[in-house]
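Please open the model in your viewer and keep the selection panel at hand.

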Amino acid sequence: MTNAAPASGVAAMPWWKGATIYQIYPRSFADSNGDGIGDLPGITQHLDYVASLGVDAIWLSPFFTSPQADFGYDVADYRDVDPIFGTLGDCDALIARAHALGLRVIVDMVWSHTSDAHPWFQQSRASRTNERADWYVWADAKPEGSPPNNWQSVFGGPAWTWDARRGQYYLHNFLSGQPQINGHNRAMQDELLDIARFWLDRGVDGFRLDAINFLMHDPALTDNPPAPDMGQPRTRPFDFQLHRFNQSHADIPAFLERVRDLLDGYGDRFTVAEVGGDDSEREMKLFTANDARLNTAYGFDFLYAPALTPAAVRDALAKWPCHESWPSWAFENHDAPRAVSRWTTPDRREGFARAKMLLLASLRGNIFLYYGEELGLTQVDVAFGDLQDPEAIANWPLTLSRDGARTPMPWCADAPQLGFGTTKPWLPTGPDHAALAVDRQAGDAGSMLEWTRRVLALRKVHDALLLGDLAFVGDDAAVLAFERTFGAERLLCVFNLGDAPVGWRAPVALGARLIATGEVGEDALGPFAAYIAVIDGQE
């Protein structure tokens with residue numbers, strides 16, 4: 001497998017440290033067979049494009065056999081590919097092509113729950129005495145028949161569903177069709193590790209562990225306490241509780257050590273945890289502690305932030321001082337609205353998108369790009385009749401649909417379905433996405449796509465951006481500035497994240513400016529102006 005040359009001082013570092021990882025949502029990337037749903041061969045056909053961005057790896061959202069109640073996050077067979085996405089052979093071909101292009105492949109593992117169609121659950125629900133009876137979380141009803149405790153589902157309503165076969169309730173932190181795995185069960189843990197081994201043997205380079213802090217619960221089934229009213233709208237019963245007992249059990253890190261031990265046996269493999277919730281900072285550090293657990297953790301600091309401000313960035317990064325674990329950052333993903341629609345107005349999107357991309361590439365840690373983010377894709381307003389997202393349908397219109405960030409990738413502006421496929425896609429294409437299509441932007445030096453390529457190339461050749469320490473410069477409310485340092489290399493990264501010009505002068509002497517966007521002067525920054533410059537060492 002070939003790899004792009006690393007920055008000069010990092011040749012001996014793990015490949016993933018400072019990596020840029022490109023998330024692909026398989027249903028929405030490219031439809032190769034005309035059924036309206038993206039698939040693995042479609043991804044393979046476009047891997048040359050992905051490699052041309054300058055990313056180091058791809059993260060594939062789930063493509064396993066599934067009833068698709070939650071679009072693959074309800075797995076019925078972890079060792080096979082759902083027919084809508086292709087075959088195991090198609091997956092092998094994708095991995096081989098990615099490796100030939102120097103791309104690593106990260107697979108999304110959903111280990112906190114399965115589909116209720118999974119054979120494990122079918123056996124578990126059949127009796128209280130079979131060999132998989134305790135692979136899921138079962139509990140008796142209260143004397144009057146109500147659920148065992150007050151736990152609530154993320155997607156709305158009680159986190160318990162009655163099952164007449166066993167005469168018990170089963171736990172589901174998400175949809176009722178996503179029964180909760182009993183992560184305390186050693187045999188279940190062994191099976192999860194065997195699944196990891198299956199995919200490692202097929203050549204995948206690591207795993208994103210979905211909602212891993214839900215893997216283990218409090219076996220005593222203690223009621224969750226109420227959450228204080230913070231004055232924010234609460235659209236789900238889930239929001240009324242502090243989630244002390246339905247998730248985040250203290251035994252999870254010991255299992256993650258088993259995961260790490262397995263992956264270390266395969267060499268340079270990579271793990272990233274998805275951790276959400278009110279206690280996410282503590283858990284992320286716990287799950288990545290001591291170089292004996294996971295490599296990094298993927299949080300939600302920016303994914304649901306109401307605005308991208310200097311204060312918000314400082315607060316998020318300050319949680320990860322340079323001597324602590326290695327973080328990962330994303331501004332967009334399949335569960336969050338497109339950032340250019342969340343954080344700015346339509347007339348300001350182009351300038352904002354460029355500054356946002358440069359900021360992401362300047363952060364200490366790994367960075368994740370969501371498919372289409374490099375194009376500046378906007379959130380699509382999907383009509384109720386076209387919604388697919390079960391959470392949005394259940395909570396309409398108070399929950400913003402995740403579908404609006406999952407619409408088809410626009411490849412060709414003038415092609416049917418914008419080049420995604422030949423028939424009507426599973427979600428509508430964005431009405432303004434033709435102008436943002438790959439073929440419209442490729443080769444245009446002023447486009448968002450070419451800007452992204454330039455930004456990622458800069459990150460890759462500067463040790464300070466890949467691995468360096470980060471120290472904030474001042475605490476200006478309008479301007480974000482920080483130094484990145486690695487060895488003798490010192491860079492100043494400066495961002496006006498607002499839509500108005502501001503006065504600002506660098507407090508250090510600067511040498512060459514490596515990259516800039518917007519109007520940058522010695523004493524002022526225009527709207528969404530940003531730059532990275534070399535610090536020449538003279539105060």
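Is N290 buried or exposed? With a relative accessible area of 68%, N290 is exposed; the term requires over 50%, whereas buried means under 20% and partly exposed lies in between (1.4 Å probe, protein chains only).

**Before continuing**

The model is predicted: local features need pLDDT of at least 70, side-chain atom pairs count only at pLDDT 80 or more, and totals for chains, interfaces and linings use all residues. Residues are numbered from 1 along each chain as its sequence is written, and side-chain values use heavy atoms, with hydrogens and water left out.

Colour the chain by pLDDT, the predictor's confidence in each residue from 0 to 100. The mean for the protein chain is 94, and 97% of its residues reach 70 or more. Next select residues 2–6, where the pLDDT is below 50. This stretch has ten contacts in the model beyond near neighbours in sequence, a contact being heavy atoms within 4.5 Å. Where pLDDT is low, the predicted coordinates should not be read in detail.

**Stop 1: two loops with positive phi**

Return to N290, which is placed in the loop between α7 (280–287) and β11 (296–298). Helices (H or I, at least four residues) and strands (E, at least two) are DSSP runs, numbered from the N terminus. The phi of N290 is near 65 degrees, a positive value in a residue other than glycine. Most residues other than glycine have a negative phi. Now select S248, in the loop between β9 (206–209) and α6 (252–264); its phi is also positive, near 65 degrees.

**Stop 2: aromatic pairs**

Display the side chains of Phe, Tyr and Trp. The structure holds 38 aromatic pairs, a pair being two rings of these residues (for Trp, the six-membered ring) with centres within 6.5 Å; planes under 30 degrees apart count as stacked, over 60 as edge-to-face and the rest as tilted. Select W151 and W160: the ring centres are 6.0 Å apart and the planes lie at 25 degrees, so this pair is stacked. W151 is buried, at 0% relative accessibility, and W160 is buried too, at 5%. Then select Y370 and Y371, whose ring centres are 4.7 Å apart with planes at 70 degrees, so the pair is edge-to-face. Both of these tyrosines, Y370 and Y371, are buried.

For an aromatic cluster, select F63, F64, Y78, W120, W135, F198 and W199 together.

**Stop 3: charges over rings**

Select R208 with Y298: the charged end of R208 sits over the ring of Y298, 5.7 Å from its centre. The criterion is NZ of Lys or CZ of Arg within 6 Å of the ring centre and within 35 degrees of the ring normal. R513 is placed likewise over the ring of Y531, with its charged end 5.3 Å from the centre.

**Stop 4: nonpolar cores**

A nonpolar core is a set of buried Ala, Val, Leu, Ile, Met, Phe, Trp, Tyr and Cys residues joined through side-chain atoms within 4.5 Å. The largest has 121 residues, of which Y22 and W111 touch the most other members. Helix α10 (residues 349–362) gives the most to this core, with eight residues. Another core, of 17 residues, lies apart from it and includes A19, W59, I106 and W326.

**Stop 5: F270**

Select F270, in strand β10 (residues 270–274). F270 is buried, at 0% relative accessibility. Its contacts, not counting residues up to four places away in sequence, include W15, W16, I106, F207 and N366. The C-alpha atoms of F270 and F207 are separated by 6.5 Å, although the two are 63 residues apart along the chain.

**Stop 6: strand pairings**

Show the open sheet of three strands, in the order β6-β8-β7 with antiparallel pairing. Two strands pair if DSSP finds at least two bridges between them. The edge strands are β6 (138–139) and β7 (160–163), each pairing on one side only. Four bridges join β7 to β8 (residues 168–171), and W162 stands opposite Y169 in β8.

Finish at the hairpin of β14 and β15, which has six residues between its strands. Four bridges join β14 (residues 469–472) to β15 (residues 479–486), and the two run antiparallel. The bridge partner of L470 is R484 in β15. In the turn, G474 has a positive phi of about 75 degrees.
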